[in-house]
Amino acid sequence: MVKAANLGFPRIGARRELKTALESYWKGEIGAEALAQTGAALRARNWARQRDAGIARIPSNDFSFYDQVLDTTLMLGAVPPRFSGLSGLDAAFAMARGTQDAPAMEMTKWFDTNYHYIVPELTAQTRFTLTGNTPLLSYQEARAQGIETRPVLIGPVTWLALAKARTDGLAPLSLLPQVLEVYDAVLRSLDAAGAEWVQIDEPILVRDLTQAEDAALRAAYARLSRCGPKIMLATYFGGLGDNLELACALPVAGLHVDLVRAPDQLAPLLSRIGDRTLSLGLIDGRNIWRADLSGALHAAERAVTVLGPDRVEIAPSCSLLHVPVDLDRETGLDDETRSWLSFAAQKLDEVAALAGAAQAGRQAAAEAFAAADAAKASRAASPRIHDPAVKARAAAVTETDHRRHSPFATRIARQGQTLPLPAFPTTTIGSFPQTAEIRTARAAHRKGQMGDDAYRDFLEERTRDCIRRQEALGLDVLVHGEFERNDMVEYFGERLSGVFFTANGWVQSYGSRCVKPPVIFGDVSRPAPMTVGWASFAQAQTERPMKGMLTGPVTILQWSFVRDDQPRADTCRQIGLAIRDEVADLERAGLRIIQIDEAALREGLPLRRAERAEYLDWAVKAFRLAASVVADETQIHTHMCYSEFNDILPAIAAMDADVISIEASRSDMDLLEAFRDFDYPNQIGPGIWDIHSPRVPDAADMAELLRAAARLIPADRLWVNPDCGLKTRGWPEVETTLSHMVEAAKALRAETALAEPALA
Ligand SMILES: Nc1nc2c(c(=O)[nH]1)N[C@@H](CNc1ccc(C(=O)N[C@@H](CCC(=O)N[C@@H](CCC(=O)N[C@@H](CCC(=O)O)C(=O)O)C(=O)O)C(=O)O)cc1)CN2
Ligand code: MET
Ligand SMILES: [Zn+2]
């Protein structure tokens with residue numbers, strides 16, 4: 001029988017119950033017991049919901065209180081010594097968030113998603129021991145509720161490939177044998193407990209593999225296949241490509257493949273899969289469009305014809321972690337829009353309908369198929385999607401639209417005249433604390449309990465206060481604080497045509513932090529200025545330069561759910577034009593510095609090297625299209641966080657921003673080596689404060705980071721700033737740390753004896 005399967009379900013909860021519980025626990029408002037209960041209730045609800053939807057292969061161990069990669073690190077006992085003495089959840093939270101004595105572990109993006117994982121740290125001293133068998137506990141917990149599950153583990157080779165060695169010359173993969181000891185024990189314990197299958201995720205199989213990774217995969221599965229449970233080896237976020245032979249040679253009982261991103265791999269798989277079970281990832285786990293069930297059924301039927309029904313599973317393309325929980329909570333959408341959409345809960349129904357139809361024909365799920373066909377027809381024809389004026393403008397874009405008037409050297413000299421700044425100028429990345437007071441006021445305004453005038457007065461008051469505090473701290477380039485914004489992408493999504501937003505479409509980004517990605521469904525344009533009012537208001541409050549603050553086209557694209565009926569490059573160019581209009585209006589309003597954040601540029605990089613040049617070409621062009629409208633005197637900044645920059649430096653240089661701020665503190669400025677090696681020509685602000693940790697660094701720490709930076713980058717090109725915006729932090733730590741940061745900048749100015757011209 002064709003089985004309906006799932007690879008993972010969102011754990012944050014339809015009402016973000018986990019977020020609330022975690023943040024209350026961290027504040028000391030609830031105890032460990034209450035937090036554990038919230039977790040258990042979410043797991044129970046998710047298992048029951050999947051069973052009720054008709055899912056036969058239900059995942060367990062897909063839950064995490066913070067991050068599943070971190071949980072794997074804990075399971076392996078690979079806890080860095082600075083966290084020793086802590087155990088269980090408190091160890092996990094200390095590793096993820098840092099403590100005053102122990103800086104947090106690094107955090108970075110999970111493949112090409114906006115989900116962040118905690119990077120495993122390995123040294124020559126790292127030893128592996130099974131510590132806390134959560135896969136087993138979770139399997140038994142579900143079983144006690146009468147639900148048979150397929151435990152999920154991150155594969156040992158992917159875990160090692162994502163790890164970072166802290167000992168020179170240590171190759172993480174050389175530790176595979178020790179790691180496999182632990183996996184071996186876990187799998188045997190699951191076997192003894194009665195688990196027939198386990199799901200092991202090896203998404204690195206969709207990347208270009210090194211020879212060492214290839215060999216590690218062969219060694220790992222030769223061993224793990226002998227531990228008892230049948231292994232469903234899961235790959236996702238792309239096609240197997242030239243790793244297809246390898247994947248089909250591994251001695252596993254089943255293989256899961258992503259047929260949304262790589263539909264063409266079905267044919268070669270059917271001829272090479274041998275006697276394995278094939279799990280068809282046909283329902284998009286990365287987007288929120290209702291599936292084209294009829295199209296998907298063709299693929300499913302081909303597989304059933306070749307393999308027979310017992311060796312076919314139907315599944316989402318990847319874990320449903322990356323989509324919101326339940327469309328039923330979106331009561332504000334019109335019927336047409338709603339008919340186009342599917343969130344995690346609806347995707348379970350789609351999987352079940354497709355499995356039913358693959359087994360017994362489409363009449364077995366006639367209603368679901370009729371609704372899917374109708375939605376497809378309506379999206380193809382809807383006049384709300386196509387705007388001829390936007391298409392014409394995008395088609396008329398020329399090469400010169402992507403170019404600043406003069407090269408960087410000329411621009412920076414002109415900017416120096418109109419914008420006198422000291423050496424090591426200090427600034428922040430944009431947002432200041434989004435306090436409960438601000439969120440409550442926004443919620444009240446949204447519900448109509450606070451009028452427009454009162455809300456504006458309140459925000460003006462907060463903005464003025466923020467500017468006064470920055471002046472008092474002695475910062476050189478100020479920001480308005482972004483208090484009017486719920487999120488740096490959602491705010492723009494709410495103001496652009498061709499985009500709609502949801503009320504509860506939350507997706508986990510890291511830890512307790514969630515985002516509500518806008519939905520780009522049609523041609524994009526800017527009906528009216530989006531930020532000019534707030535930027536002008538802010539500039540009017542101070543003599544110092546104020547940065548206009550925008551989110552760039554690539555980041556808006558990457559952090560939204562995007563229409564799948566035209567190339568992403570085309571959508572991105574339309575957004576680029578909308579932001580260009582905003583940049584022009586900000587300059588006209590008197591802003592001399594404009595920051596265009598491209599935090600997601602690296603994240604959008606295709607996982608396969610062969611596809612990267614094309615992406616970087618259109619992504620950089622969209623940024624330049626947005627930025628190049630200004631005069632030489634106007635300084636363009638950009639900002640990126642959580643990025644491995646090494647492989648995209650030419651593209652970053654090609655963006656030609658006058659100043660870039662980057663996340664660098666958790667990696668101790670390692671990142672800057674790449675900028676030095678590439679001879680990056682423009683100005684850089686390497687972050688010297690890890691703002692994702694509650695830890696408050698002192699001035700000496702930050703000065704030390706600046707000295708490290710100054711050894712790599714000429715001092716007259718360095719800026720001083722945090723890693724990222726300060727929205728998640730509280731005011732006391734912000735004021736203390738920024739005063740330390742200003743002190744560190746002054747220390748460096750004194751040491752390097754660069755002349756410090758007075759502020760205009
Ligand atoms: N889209 C996006 N992706 C990103 C980032 C980012 O800033 N944005 N930053 C990087 C790291 N990721 C992050 C993701 C989220 C947050 C974050 O702070 N998220 C907030 C939610 C932001 C938001 O949308 N806030 C809304 C809604 C807030 C809310 O929950 N309101 C309550 C009511 C509040 C009250 O009464 O107190 C409700 O609606 O129920 C607002 O301010 O208006 C959170 O999880 O807490 C930070 C970083 C990478 N990816
Ligand atoms: C995730 S990048 C954040 C940039 C934004 N300007 C902020 O400061 O919050
Ligand atoms: Zn950032």
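How many residues of domain 1 are in contact with how many residues of domain 2? I took this up as my opening entry, bearing in mind that the model is predicted.

**Entry: domains**

I counted 40 residues of domain 1 in contact with 32 residues of domain 2. I then noted which elements give two or more residues to the side of domain 1 that touches domain 2: helix H1 (17–26), helix H4 (88–97) and strand S3 (107–109). By class, I found this side of domain 1 to hold 17 nonpolar, 12 polar and 11 charged residues. For the bounds, I recorded 3–381 for domain 1 and 388–752 for domain 2. I computed a separation of 32 Å between the C-alpha centres of domain 1 and domain 2.

**Entry: His692**

I looked up the UniProt record, an unreviewed entry, and it places the feature "active site" at His692. I located His692 in the loop that runs between strand S22 (683–686) and helix H26 (699–712).

**Entry: ligand 1**

I found 22 residues around ligand 1, of which Arg439, Asn486, Ser509, Arg513 and Val515 come nearest. Helix H17 (436–446), strand S14 (507–510) and strand S15 (513–515) are the elements that give two or more residues to this shell. I noted that H17 gives the most, with 5 residues. I sorted the shell around ligand 1 into 9 nonpolar, 6 polar and 7 charged residues.

**Entry: ligand 2**

I next listed the residues around ligand 2, among them Ile429, Ser431, Met488, Asp597, His639, Cys641, Cys724 and Lys727. I divided this shell by class into 6 nonpolar, 4 polar and 2 charged residues.

**Entry: nonpolar core**

Which residues touch the most other members of the largest nonpolar core? I identified Ala300, Ile314, Val351, Leu354 and Leu706, out of 222 residues in this core. Helix H13 (residues 344–360) gives the most to the core, with 10 residues. I also noted that the core draws at least three residues from each of domain 1 and domain 2. For Ala300, setting aside residues up to four places away in sequence, I recorded that it touches Leu280, Leu282, Val312, Ile314, Leu354 and Ala358.

Key. Residues are numbered from 1 along each chain as its sequence is written. Chains are lettered from A and ligands numbered from 1 in the order in which they are written. This is a predicted model: local features need pLDDT of at least 70, side-chain atom pairs count only at pLDDT 80 or more; totals for chains, interfaces and linings use all residues. A residue is near a molecule or strand if its C-beta atom, placed from the backbone, lies within 6 Å of it. Helices (H or I, at least four residues) and strands (E, at least two) are DSSP runs, numbered from the N terminus. Ala, Val, Leu, Ile, Met, Phe, Trp, Tyr, Cys and Pro count as nonpolar, Asp, Glu, Lys and Arg as charged, and the others, Gly among them, as polar. Domain bounds come from an automatic or database domain assignment. Two residues are in contact if their C-beta atoms, placed from the backbone, lie within 7 Å. UniProt positions are given in the numbering used here, feature names are shortened, and annotations may be inferred rather than shown by experiment. A nonpolar core is a set of buried Ala, Val, Leu, Ile, Met, Phe, Trp, Tyr and Cys residues joined through C-beta atoms within 7 Å. A residue is buried if 20 or more other C-beta atoms lie within 10 Å of its own, exposed if 12 or fewer, and partly exposed in between; C-beta atoms are placed from the backbone.
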